[in-house]
Amino acid sequence: MSETLTLTEFLENTGASLSFYDVGRRVTAIGRDEFLAFEKTEASYPYPLQKKAWLAVLQQRPTALAEPVIWFIRFDLDEQGKLVQATRDYFLHRFVELAAEAADGNTPDLGAALEDNPYTFKPREDKLANLNAQLGLQLKKAPSQYFEHAKAYFAGSVGWDQWAFVGYQGIADLAARANEAEIAELLTQAIPHLPNEPLVALCQCLENLVLPNSIAKELARKLDLEITNAPILAALVRGLSQAPEAQRNEAILKALSSEHASDPEVLAAIGGRAWESMKDANVALAYLEALADKNVEQAIFNHCISDLLRISTLQQPLLAVMRDPKRSDQLAHAFQAMLG
């Protein structure tokens, strides 16, 4: 086996075409070249979470009869958020062994390499629903059986109190199409009327895509109304995490100036879903000060900062804030305690 062979190149050499999705921080596509640069340790993983890359790999065969196959793989990351190649090489060796054992002219069953594999995992149900919605669009498949009922509910046709009968997969299918004019209008009109449960579910789905302005504005209005409700505030922050930058940052600063700024759900929503906002020094300072609040355990501070510093685009802005003489004594103490 060539020392420079990557998992991507090996699988493509079998005739497969590959698509990559992050299913850790968000459900979002990763370009082939971007993933290959990560595999070669030329670039950090763009969405690290808990020191790992959480991946869905879609493998498609060129024959029309072959069904696409999805693998869920987690790779270890180093302090810079780059691939620990030993975890990737474990897969490669298993694949190469299977290929060598296959009969001449036959395609090896590469799925066998995933059996009893310590680097595979099963995503949460909400992640699977949103991945299915995005893959359905990519593969040009019809939405799930739950789509039409979800569409009727968000149109207000079945009564806003009838949310318990709406399938989550249908909401994910709707959200995946939020940039279609008809669906954007439907969701925009529905948001002011939604009870908490379907609003939270919708925000969980909307966090995975770039929002149209109309939906972002309505979620921002809703945030103003729910500023005293910590769980709903956290959900709306998640829903706004890919809103236009100015809207997103304004909403997060409002959340961080509220009485719930140090609520664990709010902090997790910002750090886990809206981390790009911390490229703005004002947002970064407000977030770090909230994270260093005396009511937040030092272990939570350590975990969040360690996780965020693995995102290459955040290392400089976060460290600049933590080393700024203008930071509070409380933040300085929390940072020193983490280093100690």
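Predicted model: local features only at pLDDT ≥ 70, side-chain atom pairs only at ≥ 80, totals over all residues.
Student: Let's start with the helices. How do you know whether α7 and α9 are roughly parallel or roughly perpendicular to each other?

Tutor: Look at the angle between them. Helix α7 (residues 181-190) and helix α9 (residues 213-225) pack at about 10 degrees, and their axes are 9 Å apart. Angles under 35 degrees count as roughly parallel, so α7 and α9 are roughly parallel to each other.

Student: Which residues meet where α7 packs on α9?

Tutor: From α7 come Ala184, Leu187 and Thr188, and they meet Ser214, Ile215 and Glu218 of α9. Sorted by class, this contact of α7 with α9 has 3 nonpolar, 2 polar and 1 charged residues.

Student: What makes α5 and α6 roughly perpendicular?

Tutor: Again it is the angle. The two helices pack at about 75 degrees, with 8 Å between their axes. The range for roughly perpendicular is 65 to 115 degrees, and therefore α5 is roughly perpendicular to α6.

Student: Which residues of α5 and α6 meet there?

Tutor: On the α5 side you find Phe147, Ala150, Lys151 and Phe154, and they meet Gly170, Ile171, Asp173 and Leu174 in α6. The residues of this contact of α5 with α6 divide into 5 nonpolar, 1 polar and 2 charged.

Student: Staying with α5, how do you know where its buried residues sit around the axis?

Tutor: In helix α5 (residues 147-154), the buried residues are Phe147, Ala150, Tyr153 and Phe154. They cover an arc of only 125 degrees around the axis, so they lie on the same side of α5. These buried residues pack against α6 (168-176), α7 and α8 (196-206).

Student: And what covers the buried residues of α7?

Tutor: The buried residues of α7 are Ile183, Ala184, Leu186, Leu187, Thr188 and Ala190. Their cover includes α5, α6, α8 and α9.

Student: Now some single residues. Why is Asp126 called buried?

Tutor: Asp126 lies in helix α4 (residues 125-138). Its relative accessibility is 14%. Buried means under 20%, so Asp126 counts as buried. Its side chain is joined to that of Arg124 by a polar contact of 2.9 Å. Setting aside neighbours within four places in sequence, Asp126 is in contact with Tyr168 and Gln204.

Student: What makes Glu39 buried?

Tutor: Glu39 belongs to helix α2, and its relative accessibility is 0%. That value falls under the 20% limit for buried, so Glu39 counts as buried. Leaving out neighbours within four places in sequence, Glu39 is in contact with Thr6, Leu7, Thr8, Leu83, Gln85 and Arg88. The buried residues of helix α2 (residues 32-39) also include Phe35, Leu36, Ala37 and Phe38.

Student: Why is Lys52 called partly exposed?

Tutor: Lys52 is placed in strand β3 (residues 52-60), and it has a relative accessible area of 24%. Buried means under 20% and exposed means over 50%, so a value of 24% makes Lys52 partly exposed.

Student: Why is Lys140 called exposed?

Tutor: Lys140 has a relative accessible area of 75%. Exposed means over 50%, so Lys140 is exposed. Lys140 sits in the loop between α4 and α5, and it too has a positive phi, of about 60 degrees, although it is not a glycine.

Key:
Residues numbered from 1 in each chain as written. Heavy atoms only, no water. Axes fitted to C-alpha atoms, helices over the stretch in contact; angles between N-to-C directions. Helix = DSSP H or I, 4+ residues; strand = E, 2+ residues; numbered from the N terminus. Parallel < 35°, antiparallel > 145°, perpendicular 65-115°, else oblique. Contact = heavy atoms within 4.5 Å. Nonpolar A, V, L, I, M, F, W, Y, C, P; charged D, E, K, R; others polar. Buried < 20%, exposed > 50% of the residue type's maximum accessible area, 1.4 Å probe, protein only. Arc of directions from axis to C-beta. Polar contact = N/O pair within 3.5 Å; in protein donor to acceptor, adjacent residues only side chain to side chain.
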